[in-house]
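I opened my notebook today to look through one model and write down what I found.

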Amino acid sequence: MGVAEVIPGVSGGTIAFITGIYQRLLQAVNSINLQLFAVYKQDGFKGVWTKIDGSFLLKLFIGMAVGFGIGLFLITYLLEHFPILIWSFFFGLILASIPLVAKQVKLWRWQELVLLISGAIFVYWITIAAPSQGSESLPFVFLSGILAVSALILPGLSGSFVLLLMGMYTVVMPSIKQFIESPFGPETALLIAFGLGMIIGLFSFARVLNWTFQRFRSQTLALLVGFLIGSLNKVWPWQEVLSTRISSGGEEKIMFSKSVSPSAFAELQNNFLYGNEPQLVAAIGCMLLAILMVLGMDRFSTES
């Protein structure tokens with residue numbers, strides 16, 4: 001999940017779904033509330049730790065922190081040098097997870113179908129929306145934290161891609177990287193505002209999702225399946241780059257691209273970063289590897 005949240009287009013919520021921990025995560029986050037004071041008075045710290053599923057959250061967040069660090073440095077490097085193969089892998093991950101989530105819907109009625117189609121159209125529209133300009137205004141940074149973490153826990157919606165659409169990816173990610181390399185610099189206030197937004201967004205939205213799962217489980221799952229389907233456009237490996245941007249480090253980065261077929265991809269000229277070699281065999285191999293990984297994780301999570 002940590003690796004996924006660095007990459008615009010890949011959802012940490014999708015990874016949670018694939019690994020079978022999604023609802024447990026929502027329940028654990030939802031259990032962190034004012035009632036914990038009463039639990040602490042009655043059962044002490046041990047009671048609170050049990051109530052919030054502390055061991056699970058601790059392992060998850062340590063893993064996310066490690067994954068975020070790996071993603072920030074290693075995965076971004078791989079995306080710059082092997083974009084088709086890396087995106088093929090992520091495409092396979094999401095593609096394989098769709099039927100696994102869909103089979104959890106006990107009964108497909110017209111309500112579920114409408115929500116599936118609506119979710120797919122909504123997320124597809126997000127993937128083709130043009131990015132806006134960002135801002136270092138602390139209230140706007142705070143709002144971007146709320147929206148990014150809300151997307152983080154929704155399968156099919158990428159928190160980092162939402163930041164990209166808001167124009168905040170180039171503001172937040174370099175600030176995090178600078179903070180890691182040199183703590184407590186001028187970017188600290190910006191990161192505090194972003195972090196507070198994430199905390200408020202996480203606890204608020206997790207409660208909403210947990211409530212919908214309890215009351216409208218099939219409809220919620222159907223909507224999430226739609227989100228996954230719509231997100232496939234963003235992780236399609238063969239992209240025609242339409243516009244680029246200059247990062248804070250002076251490097252040229254992709255701002256906007258569109259999905260094309262492998263044959264159309266091969267005919268492109270001056271296609272920044274991607275080139276025009278489809279690498280079809282290797283790309284399909286990466287997709288199949290990801291599909292096998294998802295099936296293996298699903299089997300493991302079911303058995304455990």
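My entries follow, one topic at a time.

**Ground rules**

I am working with a predicted model, in which local features need pLDDT of at least 70, side-chain atom pairs count only at pLDDT 80 or more, and totals for chains, interfaces and linings use all residues. Residues are numbered from 1 along each chain as its sequence is written, and side-chain values use heavy atoms, with hydrogens and water left out.

**Entry: the core**

I began with the inside. A nonpolar core is a set of buried Ala, Val, Leu, Ile, Met, Phe, Trp, Tyr and Cys residues joined through side-chain atoms within 4.5 Å. Buried stands for under 20% relative accessible area, exposed for over 50%, and partly exposed for what lies in between (1.4 Å probe, protein chains only). The largest such core here has 76 residues, and Met1 and Tyr22 have the most contacts inside it. Helix α6 (residues 83-102) gives the largest share of this core, twelve residues. For helices I went by DSSP runs of H or I with at least four residues, and for strands by runs of E with at least two, numbered from the N terminus.

Which residues does tyrosine 22 contact, leaving aside its neighbours within four places in sequence? I noted Gly13, Ala16, Phe17, Ile153, Leu154, Pro155, Leu209, Phe213 and Leu224. Contact here means heavy atoms within 4.5 Å.

**Entry: glycine 201**

Next I looked up glycine 201, which sits in helix α11 (residues 188-215). Is glycine 201 buried or exposed? It counts as buried, because its relative accessibility is 4%. Not counting residues up to four places away in sequence, glycine 201 touches Ile146, Val149, Ser150 and Ala206. I also checked glycine 201 against leucine 224: they are 23 residues apart in sequence, and their C-alpha atoms are 19 Å apart in space.

**Entry: aromatic pairs**

I then searched the whole structure for aromatic pairs and got nine. Rings of Phe, Tyr and Trp (its six-membered ring) pair if their centres lie within 6.5 Å; planes under 30 degrees apart count as stacked, over 60 as edge-to-face and the rest as tilted.

Phenylalanine 122 and phenylalanine 227 form a tilted pair, 6.3 Å centre to centre with 50° between the planes. This pair links distant parts of the chain, since phenylalanine 122 lies in helix α7 (residues 110-128) and phenylalanine 227 in helix α12 (residues 217-231), 105 residues apart. Phenylalanine 122 is partly exposed at 38%, while phenylalanine 227 is buried at 7%.

Why is the pair of phenylalanine 265 and tyrosine 274 edge-to-face? The planes stand at 80°, with the ring centres 6.4 Å apart, so the pair gets that label. Phenylalanine 265 is buried, with a relative accessible area of 0%, and tyrosine 274 is buried at 10%. I also wrote down one aromatic cluster formed by Trp87, Phe89 and Phe90.

**Entry: salt bridges**

How many salt bridges does the structure hold? I found three, taking a salt bridge as a side-chain nitrogen of Lys or Arg within 4 Å of a carboxyl oxygen of Asp or Glu.

- Aspartate 53 meets arginine 24 at 2.6 Å, N to O. Aspartate 53 is in the loop between α4 and α5, and arginine 24 is in helix α3 (residues 22-30), 29 residues apart.
- Glutamate 112 meets arginine 109 at 2.7 Å, N to O. Glutamate 112 is buried at 0% relative accessibility, whereas arginine 109 is partly exposed at 35%.
- Lysine 258 pairs with glutamate 240, their closest N and O atoms being 3.9 Å apart. Lysine 258 is in strand β2 (residues 252-259) and glutamate 240 in strand β1 (residues 239-246), 18 residues apart.

**Entry: the nonpolar patch**

Tyr40, Phe45, Trp49, Leu58, Ile62, Val66, Ile70, Leu74, Tyr77 and Phe82 make a nonpolar patch of about 1,000 Å². Patches are made of residues with over 30% relative accessible area and no salt bridge, with like charges joined within 9 Å and nonpolar side chains (Val, Leu, Ile, Met, Phe, Trp, Tyr) within 5 Å. The accessible areas come from the Shrake-Rupley method with a 1.4 Å probe, and for residues only the protein chains shown count as cover.

Both α4 (36-51) and α5 (54-81) supply at least two residues of the patch, and α5 gives the most, with six. Valine 66 is in helix α5 and is partly exposed, with a relative accessible area of 48%.
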